[in-house]
Amino acid sequence: MNFFRKFRKGYNNNKPGTDSDAIFSLSSAYITLETKLGLKSTGRCALSLKSVDGMHFTEMKADIQRFLNIGKSDVELSNRLVVDSYGYLWVILEGKSMGDILAGISAVGDTIQEKGFTNQLLVAIFEFNYKEKPNNGDSIQYLVYNYKFNKFYPFVPFGQKTRNSENEMKIMATIVDEVPFEKDMTLWYPLWDLPF
Amino acid sequence: MYLSIPKTPSWQRRDTGLTARMILSFAILALLYLVFLSALVYVGFDFVTITVIASIMILAQWYFSDKIVLWSSGAKKVTREQFPELHDIIERVIARNSLPKPKIAVINTNMPNAFATGKGPRSSVVVVTTGLMDLLDTEELEGVLAHELTHIRNRDVLVLTLVSLFSTVAWYLMQFGFYGGMGYGYGGGRDRNNNGGALIIVIVVAMLTWVISFLIIRAISRYREFAADRGSAQMTGKPVKLANALMKISGGMRQVPTKDLRQVEGLNAFFIVPALSGSTIGNLFSTHPPVEKRIQKLMEMEASMG
(Lines give C-alpha, C1' and ligand atoms only; values in the text may rest on other atoms or scores of the structure.)
Protein backbone atom coordinates (compact mmCIF):
# COMPACT_ATOMS: atom_id res chain seq x y z
CA MET A 1 0.00 0.00 0.00
CA ASN A 2 2.82 2.27 0.95
CA PHE A 3 4.49 1.63 -2.31
CA PHE A 4 1.45 2.70 -4.29
CA ARG A 5 1.00 5.74 -2.14
CA LYS A 6 4.56 6.78 -2.86
CA PHE A 7 3.97 6.18 -6.51
CA ARG A 8 0.82 8.23 -6.53
CA LYS A 9 2.48 11.00 -4.56
CA GLY A 10 5.25 11.15 -7.11
CA TYR A 11 2.71 11.39 -9.86
CA ASN A 12 0.83 14.20 -8.19
CA ASN A 13 4.03 16.13 -7.66
CA ASN A 14 4.70 16.08 -11.35
CA LYS A 15 1.28 17.34 -12.23
CA PRO A 16 1.64 20.78 -13.75
CA GLY A 17 0.31 23.45 -11.41
CA THR A 18 1.71 26.91 -11.13
CA ASP A 19 2.60 28.73 -7.97
CA SER A 20 -0.23 31.15 -8.68
CA ASP A 21 -2.73 28.27 -8.81
CA ALA A 22 -1.50 27.11 -5.42
CA ILE A 23 -1.68 30.60 -3.94
CA PHE A 24 -5.17 31.18 -5.31
CA SER A 25 -6.35 27.98 -3.63
CA LEU A 26 -6.25 30.09 -0.46
CA SER A 27 -9.20 32.10 -1.72
CA SER A 28 -11.53 29.40 -0.41
CA ALA A 29 -9.30 27.91 2.27
CA TYR A 30 -9.13 31.16 4.24
CA ILE A 31 -12.89 30.97 4.76
CA THR A 32 -12.49 27.47 6.21
CA LEU A 33 -9.81 28.79 8.57
CA GLU A 34 -12.19 31.50 9.71
CA THR A 35 -15.22 29.29 10.25
CA LYS A 36 -13.42 26.33 11.82
CA LEU A 37 -10.60 27.92 13.80
CA GLY A 38 -11.77 31.53 14.08
CA LEU A 39 -8.63 32.70 12.30
CA LYS A 40 -8.90 35.78 10.14
CA SER A 41 -6.39 37.27 7.77
CA THR A 42 -4.77 40.39 9.19
CA GLY A 43 -4.55 41.69 5.63
CA ARG A 44 -0.80 41.40 5.67
CA CYS A 45 1.26 39.13 3.52
CA ALA A 46 4.77 39.11 2.16
CA LEU A 47 6.94 37.46 -0.42
CA SER A 48 10.63 36.92 0.08
CA LEU A 49 13.46 36.26 -2.31
CA LYS A 50 17.20 36.11 -1.99
CA SER A 51 18.81 39.37 -3.05
CA VAL A 52 21.53 39.24 -5.63
CA ASP A 53 23.80 42.02 -6.81
CA GLY A 54 23.41 43.16 -10.34
CA MET A 55 21.52 45.28 -12.77
CA HIS A 56 18.81 42.75 -13.56
CA PHE A 57 17.81 42.35 -9.95
CA THR A 58 17.67 46.11 -9.43
CA GLU A 59 15.57 46.43 -12.57
CA MET A 60 13.21 43.76 -11.36
CA LYS A 61 12.84 45.52 -8.03
CA ALA A 62 11.94 48.73 -9.84
CA ASP A 63 9.46 46.81 -12.00
CA ILE A 64 7.73 45.37 -8.96
CA GLN A 65 7.48 48.75 -7.35
CA ARG A 66 6.20 50.38 -10.51
CA PHE A 67 3.66 47.61 -11.02
CA LEU A 68 2.40 47.84 -7.44
CA ASN A 69 2.06 51.59 -7.61
CA ILE A 70 0.20 51.53 -10.91
CA GLY A 71 -2.15 48.88 -9.57
CA LYS A 72 -2.97 50.99 -6.54
CA SER A 73 -5.97 52.53 -8.24
CA ASP A 74 -7.57 49.13 -8.93
CA VAL A 75 -6.83 47.29 -5.70
CA GLU A 76 -6.37 48.67 -2.26
CA LEU A 77 -2.86 47.51 -1.44
CA SER A 78 -0.09 49.32 0.33
CA ASN A 79 3.40 48.01 -0.22
CA ARG A 80 6.89 48.25 1.09
CA LEU A 81 10.22 46.61 0.30
CA VAL A 82 12.57 45.59 3.11
CA VAL A 83 15.84 43.66 3.21
CA ASP A 84 16.32 41.48 6.31
CA SER A 85 19.47 40.46 8.18
CA TYR A 86 19.81 37.29 6.09
CA GLY A 87 19.93 39.37 2.91
CA TYR A 88 16.45 38.45 1.77
CA LEU A 89 14.28 41.01 0.04
CA TRP A 90 10.74 41.16 1.40
CA VAL A 91 7.87 42.56 -0.64
CA ILE A 92 5.27 43.35 2.01
CA LEU A 93 1.69 43.96 0.95
CA GLU A 94 -1.20 45.08 3.07
CA GLY A 95 -4.79 45.11 1.88
CA LYS A 96 -8.36 44.83 3.00
CA SER A 97 -9.68 41.89 1.04
CA MET A 98 -8.16 38.45 0.65
CA GLY A 99 -8.81 38.66 -3.11
CA ASP A 100 -6.63 41.75 -3.44
CA ILE A 101 -3.84 40.25 -1.34
CA LEU A 102 -3.76 37.02 -3.31
CA ALA A 103 -3.88 38.84 -6.64
CA GLY A 104 -1.07 41.15 -5.54
CA ILE A 105 1.21 38.44 -4.19
CA SER A 106 0.80 36.12 -7.16
CA ALA A 107 1.36 38.99 -9.59
CA VAL A 108 4.60 39.87 -7.79
CA GLY A 109 5.63 36.23 -7.85
CA ASP A 110 4.87 35.98 -11.57
CA THR A 111 6.91 39.11 -12.30
CA ILE A 112 9.89 37.69 -10.44
CA GLN A 113 9.63 34.40 -12.31
CA GLU A 114 9.28 36.13 -15.68
CA LYS A 115 12.48 38.03 -15.00
CA GLY A 116 14.29 34.74 -14.41
CA PHE A 117 14.65 34.84 -10.65
CA THR A 118 12.58 31.72 -9.95
CA ASN A 119 15.42 30.12 -8.02
CA GLN A 120 15.72 33.13 -5.75
CA LEU A 121 12.10 32.89 -4.60
CA LEU A 122 11.78 31.58 -1.06
CA VAL A 123 8.30 31.91 0.41
CA ALA A 124 5.04 33.79 0.36
CA ILE A 125 3.72 34.21 3.86
CA PHE A 126 0.22 35.10 5.04
CA GLU A 127 -0.58 36.46 8.46
CA PHE A 128 -3.61 35.38 10.49
CA ASN A 129 -4.97 36.17 13.91
CA TYR A 130 -8.02 35.27 15.96
CA LYS A 131 -11.18 37.05 14.92
CA GLU A 132 -12.13 37.86 18.53
CA LYS A 133 -8.89 39.54 19.57
CA PRO A 134 -7.26 40.89 16.41
CA ASN A 135 -4.91 43.18 18.32
CA ASN A 136 -3.26 40.48 20.41
CA GLY A 137 0.22 40.20 18.94
CA ASP A 138 0.95 36.94 20.79
CA SER A 139 -1.57 34.87 18.90
CA ILE A 140 -0.41 35.59 15.36
CA GLN A 141 -0.28 32.53 13.11
CA TYR A 142 1.26 32.22 9.67
CA LEU A 143 0.64 30.19 6.61
CA VAL A 144 3.82 29.82 4.59
CA TYR A 145 3.95 28.94 0.91
CA ASN A 146 7.30 27.41 0.01
CA TYR A 147 8.29 28.08 -3.60
CA LYS A 148 10.84 25.24 -3.58
CA PHE A 149 8.34 22.56 -2.64
CA ASN A 150 5.24 24.32 -3.98
CA LYS A 151 3.36 23.61 -0.80
CA PHE A 152 1.89 25.41 2.18
CA TYR A 153 2.78 24.81 5.79
CA PRO A 154 1.83 26.48 9.09
CA PHE A 155 4.11 28.47 11.34
CA VAL A 156 2.90 29.59 14.76
CA PRO A 157 5.65 31.29 16.77
CA PHE A 158 5.29 31.11 20.52
CA GLY A 159 7.61 33.12 22.73
CA GLN A 160 11.29 33.18 21.95
CA LYS A 161 12.13 30.83 19.05
CA THR A 162 9.64 28.18 20.11
CA ARG A 163 6.53 27.23 18.25
CA ASN A 164 3.04 26.16 19.10
CA SER A 165 2.91 22.89 17.19
CA GLU A 166 -0.57 22.16 18.44
CA ASN A 167 -1.99 25.19 16.64
CA GLU A 168 0.12 24.32 13.62
CA MET A 169 -1.38 20.85 13.50
CA LYS A 170 -4.85 22.32 13.83
CA ILE A 171 -4.22 24.49 10.76
CA MET A 172 -3.00 21.44 8.88
CA ALA A 173 -6.05 19.41 9.90
CA THR A 174 -8.35 22.20 8.78
CA ILE A 175 -7.12 22.95 5.27
CA VAL A 176 -4.97 19.96 4.30
CA ASP A 177 -7.42 18.96 1.58
CA GLU A 178 -8.05 22.45 0.23
CA VAL A 179 -4.56 23.66 -0.59
CA PRO A 180 -1.35 21.86 -1.65
CA PHE A 181 -0.13 21.08 1.86
CA GLU A 182 3.28 19.92 3.10
CA LYS A 183 2.49 16.83 5.15
CA ASP A 184 6.07 16.22 6.20
CA MET A 185 6.42 18.23 9.40
CA THR A 186 10.19 18.06 9.29
CA LEU A 187 10.01 20.52 6.38
CA TRP A 188 8.03 23.11 8.31
CA TYR A 189 10.98 25.46 8.66
CA PRO A 190 10.23 28.54 10.75
CA LEU A 191 10.92 32.14 9.78
CA TRP A 192 11.84 33.99 12.95
CA ASP A 193 11.79 37.77 13.38
CA LEU A 194 9.86 38.63 10.28
CA PRO A 195 10.50 42.20 9.14
CA PHE A 196 6.86 43.19 9.33
CA MET B 1 2.80 -7.13 27.81
CA TYR B 2 1.94 -4.18 25.74
CA LEU B 3 4.17 -1.28 24.88
CA SER B 4 2.03 1.48 23.56
CA ILE B 5 4.58 3.97 22.38
CA PRO B 6 7.47 3.23 20.08
CA LYS B 7 10.81 3.41 21.73
CA THR B 8 13.09 6.13 20.56
CA PRO B 9 16.14 4.71 18.83
CA SER B 10 18.93 4.29 21.35
CA TRP B 11 21.14 6.83 19.66
CA GLN B 12 18.58 9.50 20.34
CA ARG B 13 18.25 8.79 24.01
CA ARG B 14 20.88 7.35 26.29
CA ASP B 15 18.48 5.87 28.80
CA THR B 16 18.20 2.32 27.50
CA GLY B 17 18.14 0.63 30.90
CA LEU B 18 14.44 -0.09 30.86
CA THR B 19 14.47 -1.52 27.37
CA ALA B 20 17.45 -3.73 28.18
CA ARG B 21 15.89 -4.93 31.39
CA MET B 22 12.60 -5.88 29.74
CA ILE B 23 14.23 -7.54 26.76
CA LEU B 24 16.45 -9.55 29.13
CA SER B 25 13.49 -10.61 31.25
CA PHE B 26 11.50 -11.76 28.28
CA ALA B 27 14.52 -13.46 26.73
CA ILE B 28 14.99 -15.43 29.95
CA LEU B 29 11.30 -16.34 29.95
CA ALA B 30 11.48 -17.46 26.33
CA LEU B 31 14.61 -19.48 27.05
CA LEU B 32 13.02 -21.23 30.04
CA TYR B 33 10.04 -21.95 27.86
CA LEU B 34 12.19 -23.49 25.14
CA VAL B 35 14.32 -25.50 27.58
CA PHE B 36 11.22 -26.82 29.27
CA LEU B 37 9.56 -27.86 26.02
CA SER B 38 12.76 -29.43 24.71
CA ALA B 39 12.99 -31.40 27.94
CA LEU B 40 9.45 -32.63 27.39
CA VAL B 41 10.32 -33.71 23.86
CA TYR B 42 13.42 -35.45 25.19
CA VAL B 43 11.47 -37.26 27.88
CA GLY B 44 9.24 -38.50 25.09
CA PHE B 45 5.91 -36.72 25.38
CA ASP B 46 3.91 -36.77 22.18
CA PHE B 47 3.15 -33.57 20.27
CA VAL B 48 -0.44 -33.23 21.38
CA THR B 49 0.60 -33.16 25.03
CA ILE B 50 3.34 -30.65 24.27
CA THR B 51 0.89 -28.45 22.36
CA VAL B 52 -1.43 -28.47 25.35
CA ILE B 53 1.40 -27.65 27.75
CA ALA B 54 2.69 -24.85 25.52
CA SER B 55 -0.82 -23.39 25.34
CA ILE B 56 -1.15 -23.51 29.10
CA MET B 57 2.16 -21.70 29.43
CA ILE B 58 1.07 -18.94 27.03
CA LEU B 59 -2.22 -18.54 28.87
CA ALA B 60 -0.37 -18.42 32.19
CA GLN B 61 1.81 -15.69 30.76
CA TRP B 62 -1.36 -13.78 29.93
CA TYR B 63 -2.94 -14.52 33.30
CA PHE B 64 0.07 -13.22 35.18
CA SER B 65 0.94 -10.53 32.63
CA ASP B 66 0.49 -7.65 35.07
CA LYS B 67 2.76 -9.31 37.65
CA ILE B 68 5.36 -10.27 35.04
CA VAL B 69 5.50 -6.75 33.63
CA LEU B 70 5.67 -5.10 37.03
CA TRP B 71 8.47 -7.45 37.97
CA SER B 72 10.44 -7.14 34.75
CA SER B 73 10.14 -3.36 34.30
CA GLY B 74 10.78 -2.44 37.89
CA ALA B 75 7.53 -0.46 38.01
CA LYS B 76 6.16 0.35 41.45
CA LYS B 77 2.46 0.64 42.21
CA VAL B 78 1.71 4.14 43.42
CA THR B 79 -0.99 5.48 45.72
CA ARG B 80 -3.05 8.62 45.30
CA GLU B 81 -0.93 10.34 47.97
CA GLN B 82 2.26 9.74 45.97
CA PHE B 83 0.96 10.83 42.56
CA PRO B 84 -2.31 12.73 43.03
CA GLU B 85 -2.32 14.26 39.53
CA LEU B 86 -1.84 10.91 37.80
CA HIS B 87 -4.71 9.41 39.80
CA ASP B 88 -6.88 12.45 39.07
CA ILE B 89 -6.38 12.25 35.32
CA ILE B 90 -7.13 8.53 35.16
CA GLU B 91 -10.18 8.91 37.39
CA ARG B 92 -11.46 11.71 35.19
CA VAL B 93 -11.18 9.57 32.07
CA ILE B 94 -12.69 6.42 33.58
CA ALA B 95 -15.56 8.36 35.18
CA ARG B 96 -16.52 9.89 31.87
CA ASN B 97 -16.37 6.56 30.08
CA SER B 98 -17.59 4.28 32.89
CA LEU B 99 -14.52 2.05 33.00
CA PRO B 100 -13.16 0.24 36.06
CA LYS B 101 -10.11 1.82 37.65
CA PRO B 102 -6.87 0.01 36.83
CA LYS B 103 -3.86 -0.24 39.08
CA ILE B 104 -1.38 2.56 38.48
CA ALA B 105 2.36 2.07 38.52
CA VAL B 106 5.33 4.33 37.87
CA ILE B 107 8.83 3.62 36.60
CA ASN B 108 11.53 6.02 37.65
CA THR B 109 13.34 6.75 34.36
CA ASN B 110 13.83 9.71 32.07
CA MET B 111 12.69 7.80 29.01
CA PRO B 112 9.12 8.88 28.23
CA ASN B 113 6.93 5.81 27.87
CA ALA B 114 3.67 4.27 28.96
CA PHE B 115 2.04 0.88 28.66
CA ALA B 116 -0.85 -1.15 29.92
CA THR B 117 -1.21 -4.84 30.59
CA GLY B 118 -3.33 -7.30 32.51
CA LYS B 119 -5.75 -10.16 32.06
CA GLY B 120 -8.91 -8.08 32.06
CA PRO B 121 -10.24 -4.56 32.59
CA ARG B 122 -10.60 -5.06 36.33
CA SER B 123 -7.14 -6.37 37.06
CA SER B 124 -5.11 -4.32 34.61
CA VAL B 125 -2.22 -2.05 35.35
CA VAL B 126 -1.28 1.19 33.62
CA VAL B 127 2.41 2.00 33.82
CA VAL B 128 3.93 5.41 33.11
CA THR B 129 7.49 6.62 33.44
CA THR B 130 8.44 9.72 35.37
CA GLY B 131 10.03 10.98 32.14
CA LEU B 132 6.62 10.93 30.46
CA MET B 133 5.05 12.95 33.26
CA ASP B 134 7.83 15.52 33.07
CA LEU B 135 7.60 15.85 29.31
CA LEU B 136 3.84 16.18 28.80
CA ASP B 137 1.32 18.66 30.07
CA THR B 138 -1.89 17.50 31.74
CA GLU B 139 -4.02 17.25 28.63
CA GLU B 140 -1.35 15.44 26.64
CA LEU B 141 -0.86 12.99 29.51
CA GLU B 142 -4.61 12.48 29.53
CA GLY B 143 -4.47 11.59 25.83
CA VAL B 144 -1.73 9.01 26.39
CA LEU B 145 -3.48 7.51 29.43
CA ALA B 146 -6.76 7.32 27.50
CA HIS B 147 -4.86 5.45 24.77
CA GLU B 148 -3.70 2.92 27.39
CA LEU B 149 -7.17 2.68 28.91
CA THR B 150 -8.52 1.89 25.43
CA HIS B 151 -6.04 -0.97 25.14
CA ILE B 152 -7.45 -2.28 28.42
CA ARG B 153 -11.07 -1.75 27.38
CA ASN B 154 -10.42 -3.49 24.04
CA ARG B 155 -8.73 -6.39 25.86
CA ASP B 156 -5.76 -6.11 23.55
CA VAL B 157 -3.48 -8.20 25.76
CA LEU B 158 -5.97 -11.05 25.57
CA VAL B 159 -6.40 -10.64 21.81
CA LEU B 160 -2.68 -10.81 21.15
CA THR B 161 -2.25 -13.70 23.57
CA LEU B 162 -4.94 -15.66 21.75
CA VAL B 163 -3.41 -14.86 18.38
CA SER B 164 0.01 -16.08 19.53
CA LEU B 165 -1.68 -19.10 21.07
CA PHE B 166 -3.32 -20.04 17.79
CA SER B 167 -0.10 -19.61 15.89
CA THR B 168 1.77 -21.75 18.41
CA VAL B 169 -0.86 -24.47 18.31
CA ALA B 170 -0.86 -24.37 14.52
CA TRP B 171 2.90 -24.68 14.55
CA TYR B 172 2.92 -27.76 16.80
CA LEU B 173 0.02 -29.44 15.09
CA MET B 174 1.63 -28.94 11.74
CA GLN B 175 4.89 -30.47 12.97
CA PHE B 176 2.94 -33.33 14.50
CA GLY B 177 1.15 -33.92 11.22
CA PHE B 178 4.35 -34.01 9.26
CA TYR B 179 6.24 -36.20 11.67
CA GLY B 180 3.25 -38.51 11.63
CA GLY B 181 3.42 -38.60 7.86
CA MET B 182 7.12 -39.32 7.99
CA GLY B 183 6.56 -42.18 10.40
CA TYR B 184 4.30 -43.67 7.81
CA GLY B 185 7.09 -43.14 5.32
CA TYR B 186 9.55 -45.14 7.42
CA GLY B 187 7.02 -47.93 7.63
CA GLY B 188 6.75 -47.95 3.88
CA GLY B 189 10.47 -48.60 3.68
CA ARG B 190 11.42 -45.50 1.71
CA ASP B 191 15.06 -44.73 1.16
CA ARG B 192 17.16 -42.05 2.89
CA ASN B 193 16.89 -39.47 0.14
CA ASN B 194 13.16 -39.33 0.35
CA ASN B 195 13.26 -38.88 4.09
CA GLY B 196 15.74 -36.05 3.68
CA GLY B 197 13.31 -34.38 1.30
CA ALA B 198 10.45 -34.80 3.73
CA LEU B 199 12.51 -33.25 6.51
CA ILE B 200 13.27 -30.22 4.35
CA ILE B 201 9.57 -29.82 3.59
CA VAL B 202 8.80 -29.99 7.31
CA ILE B 203 11.33 -27.29 8.03
CA VAL B 204 10.18 -25.06 5.18
CA VAL B 205 6.50 -25.35 6.05
CA ALA B 206 7.25 -24.81 9.74
CA MET B 207 9.22 -21.68 8.87
CA LEU B 208 6.43 -20.42 6.64
CA THR B 209 3.85 -20.98 9.37
CA TRP B 210 6.00 -19.10 11.79
CA VAL B 211 6.72 -16.18 9.43
CA ILE B 212 3.09 -15.79 8.42
CA SER B 213 1.79 -15.89 11.96
CA PHE B 214 4.52 -13.47 13.00
CA LEU B 215 3.44 -10.99 10.31
CA ILE B 216 -0.23 -11.43 11.17
CA ILE B 217 0.46 -10.76 14.84
CA ARG B 218 2.35 -7.61 13.90
CA ALA B 219 -0.44 -6.42 11.61
CA ILE B 220 -3.08 -7.00 14.28
CA SER B 221 -0.95 -5.18 16.80
CA ARG B 222 -0.56 -2.17 14.52
CA TYR B 223 -4.26 -2.12 13.80
CA ARG B 224 -5.03 -2.13 17.51
CA GLU B 225 -2.68 0.81 18.03
CA PHE B 226 -4.75 2.86 15.62
CA ALA B 227 -7.87 1.65 17.42
CA ALA B 228 -6.42 2.78 20.75
CA ASP B 229 -5.57 6.20 19.28
CA ARG B 230 -9.12 6.50 18.04
CA GLY B 231 -10.47 5.39 21.42
CA SER B 232 -8.32 7.98 23.17
CA ALA B 233 -9.60 10.69 20.83
CA GLN B 234 -13.18 9.71 21.58
CA MET B 235 -12.60 9.56 25.34
CA THR B 236 -10.90 12.94 25.61
CA GLY B 237 -12.41 14.70 22.59
CA LYS B 238 -8.97 16.17 21.86
CA PRO B 239 -7.05 14.11 19.29
CA VAL B 240 -4.66 17.01 18.77
CA LYS B 241 -3.39 16.58 22.35
CA LEU B 242 -2.45 12.96 21.77
CA ALA B 243 -0.86 13.93 18.44
CA ASN B 244 1.19 16.54 20.24
CA ALA B 245 2.19 14.03 22.91
CA LEU B 246 3.30 11.54 20.25
CA MET B 247 5.38 14.25 18.61
CA LYS B 248 7.04 15.11 21.90
CA ILE B 249 7.69 11.47 22.81
CA SER B 250 9.10 10.50 19.44
CA GLY B 251 11.60 13.30 19.95
CA GLY B 252 14.27 14.94 17.82
CA MET B 253 13.97 13.46 14.37
CA ARG B 254 10.28 13.91 13.82
CA GLN B 255 9.89 17.21 15.56
CA VAL B 256 9.04 20.35 13.73
CA PRO B 257 12.28 22.19 12.96
CA THR B 258 13.35 25.30 14.85
CA LYS B 259 16.14 26.30 12.50
CA ASP B 260 15.22 29.25 10.30
CA LEU B 261 14.33 28.50 6.69
CA ARG B 262 16.71 31.22 5.46
CA GLN B 263 19.57 29.60 7.39
CA VAL B 264 18.77 26.13 6.10
CA GLU B 265 18.46 27.42 2.57
CA GLY B 266 21.88 29.03 2.92
CA LEU B 267 23.43 25.73 3.98
CA ASN B 268 21.93 23.95 1.00
CA ALA B 269 20.88 21.13 3.32
CA PHE B 270 17.49 21.97 1.98
CA PHE B 271 17.98 20.13 -1.26
CA ILE B 272 18.92 16.80 0.21
CA VAL B 273 15.89 14.63 -0.37
CA PRO B 274 15.40 12.26 2.55
CA ALA B 275 16.03 8.69 1.41
CA LEU B 276 12.98 6.42 1.62
CA SER B 277 11.28 7.61 4.76
CA GLY B 278 10.14 4.55 6.72
CA SER B 279 10.77 1.56 4.54
CA THR B 280 7.96 -0.83 3.77
CA ILE B 281 9.83 -3.86 5.09
CA GLY B 282 10.38 -2.11 8.39
CA ASN B 283 6.67 -1.38 8.58
CA LEU B 284 5.78 -5.04 8.13
CA PHE B 285 7.82 -6.10 11.12
CA SER B 286 7.01 -3.39 13.59
CA THR B 287 4.28 -3.69 16.18
CA HIS B 288 3.56 0.04 16.07
CA PRO B 289 2.57 2.10 13.06
CA PRO B 290 4.90 4.98 12.25
CA VAL B 291 4.29 8.04 14.40
CA GLU B 292 3.67 10.20 11.31
CA LYS B 293 0.80 7.92 10.29
CA ARG B 294 -0.70 8.01 13.74
CA ILE B 295 -0.44 11.79 13.93
CA GLN B 296 -1.98 12.07 10.48
CA LYS B 297 -4.95 9.92 11.49
CA LEU B 298 -5.40 11.88 14.71
CA MET B 299 -5.38 15.12 12.75
CA GLU B 300 -8.01 13.72 10.40
CA MET B 301 -10.15 13.02 13.45
CA GLU B 302 -9.51 16.53 14.72
CA ALA B 303 -10.60 17.91 11.37
CA SER B 304 -13.80 15.89 11.35
CA MET B 305 -14.65 17.09 14.85
CA GLY B 306 -14.31 20.77 13.93
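## A walk through chains A and B

Start by selecting strand 2 (residues 77–83) and strand 3 of chain A: the two pair antiparallel over 7 bridges. Strands here are DSSP runs of E, at least two residues, and helices are runs of H or I, at least four residues, both numbered from the N terminus; two strands pair if DSSP finds at least two bridges between them. Before going on, note that this is a predicted model, where local features need pLDDT of at least 70 and side-chain atom pairs count only at pLDDT 80 or more, while totals for chains, interfaces and linings use all residues. Residues are numbered from 1 along each chain as its sequence is written, chains are lettered from A and ligands numbered from 1 in the order in which they are written, and side-chain values use heavy atoms, with hydrogens and water left out.

**Chain A**

Stay on that pair and pick S78(A), whose bridge partner in strand 3 is E94(A). Now slide to the turn: strands 2 and 3 of chain A make a hairpin with 4 residues between them, and G87(A) there has a positive phi of about 85 degrees.

Click C45(A) and you'll find its bridge partner, L93(A), in strand 3. How many of the 8 residues in strand 3 of chain A are buried? Strand 3 (residues 88–95) is mostly covered, with 7 of them buried. Buried means under 20% relative accessible area, exposed over 50%, and partly exposed in between (1.4 Å probe, protein chains only).

Zoom out to all of chain A, with its 6 helices and 6 strands, in the order α-α-α-β-α-β-β-α-β-β-β-α along the sequence. Of its 196 residues, 48% count as buried. The accessible surface comes to about 9800 Å², and 51% of that belongs to carbon and sulfur atoms; such areas come from the Shrake-Rupley method with a 1.4 Å probe, and for residues only the protein chains shown count as cover.

**Chain B: the sheet**

Over in chain B, select the open sheet of 4 strands, ordered 1-2-4-3 with mixed pairing. Strand 1 (76–77) and strand 3 (114–117) are at the edges with a single partner strand each, so one side of each has no neighbour in the sheet. Strand 3 pairs antiparallel with strand 4 (residues 125–129) over 4 bridges, and A116(B) has V126(B) in strand 4 as its bridge partner. Helix 3 (residues 65–73) of chain B packs on the sheet, touching strands 1, 2, 3 and 4, at about 145 degrees to the direction of strand 3. Axes are lines fitted to C-alpha atoms, for helices over the stretch in contact (heavy atoms within 4.5 Å), and angles run from 0 to 180 degrees between N-to-C directions.

Pick A105(B) in strand 2 (residues 103–107). Is A105(B) buried or exposed? A105(B) is buried, at a relative accessible area of 0%. Beyond its neighbours within four places in sequence, A105(B) contacts residues including L70(B), V78(B) and V127(B).

Then go to S123(B), in the loop between strands 3 and 4 of chain B. S123(B) counts as buried at 17% relative accessibility. Leaving aside neighbours within four places in sequence, S123(B) contacts D66(B), K103(B) and G118(B).

**Last stop**

Finish on helix 8 (residues 192–236) of chain B, where I212(B) sits. I212(B) is partly exposed, at 46% relative accessibility.
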